Amino acid sequence: MGVIEDLARARAAYERREWQTAYSALSSLDDAGLAAADFEALATSAMLVGRVNDAVQALQRAYQLRAGSGEVDAALRTAFYLGITLMESGEPAIAGGWLARAQRLLDEVDGDIAGRGYVQMLVMFQHIFSGEFEQALGLAEEVTECGRRFGDNDLHANGLNAQGRMLIYAGRVREGFALLDESMVAVALGEVSTMFAGEIYCSLIEACQEVSDYGRAAEWTSRLTRWVEEQPELVRFTGQCALHRGQIMRVRGALTEAVSEFEAAVERYRAAGQFAPAGLACGEHGDVLRILGDHQGAQAAYDRAIGFGYEHQPGQALLWLTLGRTDAAVAAIRRVLGERGDPVGRSQVLPGAVDVLLAAEDVAGAESASAELAGLARGFGCAPLQAMAGMAGGAVAHARDAHSQGLAELRPALQVWQTLDAPYQLARTRLLLARCLRGVGDEESAMRELTEASRTFTELGALPDADLAAQLAGRSAPAGLTGREVEVLRLVATGKSNPEIAAVLTLSEKTVARHLSNIFTKLSVTSRTAAAAYAFENRLV
């Protein structure tokens, strides 16, 4: 077979989106016989099968050919790809060098050209990576307008996507999602190149996850999965696909399946050279293992996330809380809340922060966090986040013995989780409902909620939560015991030590000891054994 035929076959494989075949064929040809477009096709294929270094080399050759022949627009587009690839690979200085070269090339041009939008987009991403979202938003608007002006669908769709994400980070969630949805129109119509299409898909789903819009996330994850499956030789976006599938599985209660997806996501990200998102996948993996009661595995996953440069919070703090390390959990949560000033980042931390602060008996702090979460949820307009805010408000109300107020907060949350088919969150809400129902003296209703929660936790494999629900199930005791004292007494009767009780109920050991002293006084007993006997005699366990 001749060189011309080999090149024709390689180009045909590229057009069919057979990325591995195209990469192998193009990379095996003599560079002297390749045009700039062939090097660009080689770079794209290499990137999509996870060969980042080969992609950079091919892009450099393409840039030289484009710039050398005076094709400034195409050269600037290639410079953008080089810059963004190097940024994502952790080489910002070299990326900055390419940006400077692109800007010098642009300075030599009279008049406006589409390539200016690609230079602006590279600067925009520099601001995004630096967390300078306000500056990035202004540039995103310019990129969008440039794409519209020159009929460049890649520029236009990316500009809309970036505008949407920046507006969401500014707390303008409804406006942001309107632009994200608009950016997806061009992707759905096949008007956007494969690399940009994959990035926009993943950006939209990531935005959904960040604001807990699980319904929208599930819809687009299904579309992303089909898009990936249509390209069986694709590597680059398979990690994102597995990550997002795992996130939806977790919401839907398929916890063991979610574990497998997160494990796959980590390895696929590694294969594609995308180490920062691999850290997120490790953190998500740790969250599910924590729910399943595999505390050692969860800590290993969180540690692995740190190895990739990603701290997964509030998951790590919640694990420490479960292990009785309340002080460490509180310190971490307060630090993270101090670091995250953007509305989206805070909305991710605040639900866990309420749990941690209540465990530390900082009811005022928990109430403040709950109120902030409620405000964000109203502004975002996302029902799942509103349900989380309701759960937080219900937990704070219970801690303040405002049980009727807690019921009012929790009822709407229960409806949301039922509508979304989110069984784990539904069961957690039932647990809070049961405590508030018991607080107002409706023991029969509390028992029904506890029984249903226990059944759901058991079916999901969330055994720590199932154990807690089972331990809380039972009739309230006489002798003037409070609801919390009943919970402590039940755990004493099962043989748990004070540190173990503190971990289960997310209390400090000092608080457990105080409750136990009150219990002894009210029951007129002097030992744990006598208190346990009382619990059994009165059918509290």
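**Figure 1. Secondary structure of the whole protein chain in a predicted model.** The protein chain holds 29 helices and 0 strands (DSSP runs, H or I of at least four residues for helices and E of at least two for strands, numbered from the N terminus). Its C-alpha trace spans about 95 × 45 × 35 Å along the principal axes. Of its 541 residues, 56% count as buried (under 20% relative accessible area, with a 1.4 Å probe and protein chains only). Residues are numbered from 1 along each chain as its sequence is written, and side-chain values use heavy atoms, without hydrogens and water. Local features need pLDDT of at least 70 and side-chain atom pairs count only at pLDDT 80 or more, whereas totals for chains, interfaces and linings use all residues.

**Figure 2. Helix α28, residues 509–523.** This helix has 15 residues and reaches 21 Å from its first C-alpha to its last, close to the 21 Å expected at 1.5 Å a residue (1.5 Å times one less than the number of residues). The buried residues of α28 include Thr511, His515, Ile519 and Leu523. An α-helix has 3.6 residues a turn, so residues three or four places apart point the same way. Just after α28, Ser524 takes a positive phi of about 55°.

Figure 3. Gly315 is buried, with a relative accessible area of 3%. Leaving aside neighbours within four places in sequence, Gly315 is in contact (heavy atoms within 4.5 Å) with Asp287, Arg290 and Tyr302. Ser24 lies 291 residues from Gly315 in sequence and 42 Å from it in space, C-alpha to C-alpha.

Definitions and conventions: Buried < 20%, exposed > 50% of the residue type's maximum accessible area, 1.4 Å probe, protein only.
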